[in-house]
Amino acid sequence: MRETRVKQSLSDDRIQDRMRPGVITRDGMLGEDRRKLRDILDADDAAVRRLGLTHARIAARMRELRDAGARGLGEPIQVLGHFEVRVDSVRGRLPCPFPHPGLCRKEFVEVRNLRSGEQVMFTELNTHLIEAHGFYEGAGSPFRQDPEALARVLELDPDIPDPGRAIPS
Amino acid sequence: MQQLGFFAILFSAVFTNNILLTNYLGMCSFLGCSREVKTSLGLGTAVFFVTAATSVLNWLVYVYILVPLDLVYLRFIVFIVVIAAFVQLVEMIIERVSETLYLALGIFLPLITVNCAILGASLFMVIRNYTFWQAAGYGLGAGLGWALAILAMAGIRQRLVQRSRVPRGLEGPGIALIIAGTMALAFMGFNGMVSLN
Amino acid sequence: MTELLIAVGVLCAINTGLAVLLMIAEATINRTGTWRITVNGTKELTVTGGRSLLAVLKEQQIFIPSACGGRGSCGLCKVAVLEGAGPLLPTELPWLTPEEQKTQVRLACQIKVRRDLSIRIPEELFSVKQYRTQVAGLSDLTHDIKRVTLTLLDPPAITFKAGQYIQLEVPPYALTDEPVYRAYSVSSDPCETGRIELEIRYVPNGICTTYVHRHLKVGDAVTINGPYGTFGLQPTDREIICIAGGSGMAPIQSILLEMARTGNPRPCRYFFGARARRDLFQTELMRQLEKSLPNFRYIPALSAPDPEDNWEGETGRITEVVDRQVQDASQAEAYLCGSPLMIDACIQVLRAKGMPDGNIFYDKFA
């Protein structure tokens, strides 16, 4: 008898399908991760809560650095003290794998923390996925955003722990 | 058993000998597709239709083809083939009538073919040597009972998600089985009202 | 022995009977008959049903824009279906605004043709065609921009306006399963109807640019459709200011080539922004155009030239250079092509120089 997919609903399967390589981006958003989407979301949600943060705060910080760096028009500029940010974009838009309207610009943000020397790179799609869905991409994906790395490089301080779930339903 | 009329069998198949809660047949899609009342209603109707129709058809095939030609041992294959054909028919009808439902059911629609409850209904009717009307009643009742059970389950699960906090370890199959067990216990209260054997 | 034959015979009979029943059902229930689609009240098409409106129209040589190939993930294939659409599907709802829903706008890729339809589409789409082409040339313009030259096979000629774009179909390759469509501006002169040139910049993790940069070879077949877009030179006498960066060069190049061929006398300045000398390309072509056009100046601006570049031209961000070089823009027109950030920043500068918004034209894909 077929294994019941009780842990992941039909729509989750469809969303995970859209994250496969070649559907929206060349390498997809799952990398080598073999876990179900629900499991990936739960694990990252737990990681974010352990850091004392929320998805909204992380995304807001990403946007803050992006907006400050946008003035560079594709060149690196120093913003907010000790961050070097470069915002660049290419033509075209990408849909989000989750089912809702709107397309994300293909915009890349490189943030280097000049104090620690560490660097992260994220896209507008990344920021949206984190903010609206708590999705940080699968392990091994070229655009995987590790919550701990983001918190460290972007210097996000822990919040007062939020008693509710971090993932918007 | 010969004394039981159409309505008696219908009633008992729905309540006292519910094919899902008493005989534990058809659990797969019951657990997998019972999160929302809307989808469950659709699936329940589909299963009801298939069970009712195939019970009658299978009875006809059994009594008029298999028995006279002494091919009773083929009943498993033949029943499954009839069920499979009917599920294809139902799929076409659903796709034509309501694309929304068709998409919502997804893989569970063709999975009705291997729903044990449907084959079970046909086999029970053979084991218990039902007449035509008894078989019809039983098919209708089993399908109705299954649909009722999945609707009740969906209603409970939907409410549960809104009102209470299920412990993380029990989310999904855990709580679903607990609910199913509790429902089965409740239906046991009907025991003895009507005996199908 | 006879029992075995009877058993097999009965099984076959039952199976065949059911199969016939299903075939009859499929023919009657599935409604894959022929249907009539009325387009814009005038054109009538007879099509076989059962497939999406997008696919059916494509067969009839009407190309509704689509970037996702009909999977419901780009929202570009909007069509007004006045009659015969059926209920709104959950896959369409997210893409349609309330006003669009009121005016019966639907997604062509999600509607299945099951009855007669009456639809309305923009008139420009009638001139969009699909072309079978062949790669005639591939060359590197910079470290990340490739020039792709396509010869048109069928139909053998394309009519387009300078500044328009085409959609390139990327067939399944390596990791992809389904075709994908991406838009690129045409950089060649419209008078060359038998071939077109594209300038394609490599995007990390990009489906199409990876295909073009790593897999495409001279002689390969490529399917394109078009032309699309409303970006192009306005028929006025005003002075022209062009601003572009990176692959924004393509439509401007097409416009300039046409100007040179037609001897357009309008004064024109073209500010091209890049980081260092290695990001500049087509510089020789621009210098030639400076000679062939009566009043054209090409002004490349580097924002971060390497010391080895020995750069003596304009330096700084493109907005700073435009700010320095343009005094009064109230009588000029501007054509911008590049990243949305660059375009927005340049619009601010031009506004400050007195250019009314109605004279600023830019190319932003969907």
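Where chain C meets chain A, 30 residues of chain C and 26 residues of chain A make the contact. Bear in mind that this is a predicted model.

**The side of chain C that touches chain A**

- Four elements of chain C each put in at least two residues here: strand β9 (180–185) and the helices α4 (207–215), α7 (318–325) and α8 (340–352).
- Which element of chain C gives the largest share of this side? That would be α8(C), with 4 residues.

**Chain C overall**

- Chain C has 366 residues, and 38% of them count as buried.
- Its secondary structure runs to 17 strands and 8 helices.
- Take the contacts in chain C with a separation of 6 or more: 69% of them join residues 24 or more positions apart.

**A closer look at Arg147(C)**

- You'll find Arg147(C) in strand β7 of chain C, which spans residues 145–154.
- Arg147(C) has 19 other C-beta atoms within 10 Å, so it counts as partly exposed; the cut-off for buried is 20 or more.
- Leaving out residues up to four places away in sequence, Arg147(C) touches Ser139(C), Leu141(C), Glu197(C) and Glu199(C).
- One of those partners, Glu197(C), sits 50 residues from Arg147(C) along the chain, yet their C-alpha atoms are separated by 6.9 Å.

**A helix pair in chain B**

- Helix α6 (residues 116–127) and helix α7 (residues 132–163) of chain B have axes that come within 10 Å and cross at roughly 155°.
- As for handedness, α6(B) makes a right-handed crossing as it passes α7(B).
- On the α6(B) side, the contact is made by Ala117(B), Ala121(B), Phe124(B) and Met125(B).
- On the α7(B) side, the residues are Ala135(B), Tyr138(B), Gly139(B), Ala142(B) and Trp146(B).
- What is the make-up of the contact of α6(B) with α7(B) in nonpolar, polar and charged residues? There are 8 nonpolar, 1 polar and no charged residues; Gly counts as polar here.

Key
Residues numbered from 1 in each chain as written. Chains lettered and ligands numbered in written order. Predicted model: local features only at pLDDT ≥ 70, side-chain atom pairs only at ≥ 80, totals over all residues. Contact = placed C-beta atoms within 7 Å. Buried ≥ 20, exposed ≤ 12 C-beta atoms within 10 Å, placed from the backbone. Axes fitted to C-alpha atoms, helices over the stretch in contact; angles between N-to-C directions. Left-handed = near helix turned anticlockwise from the far one by under 90°.
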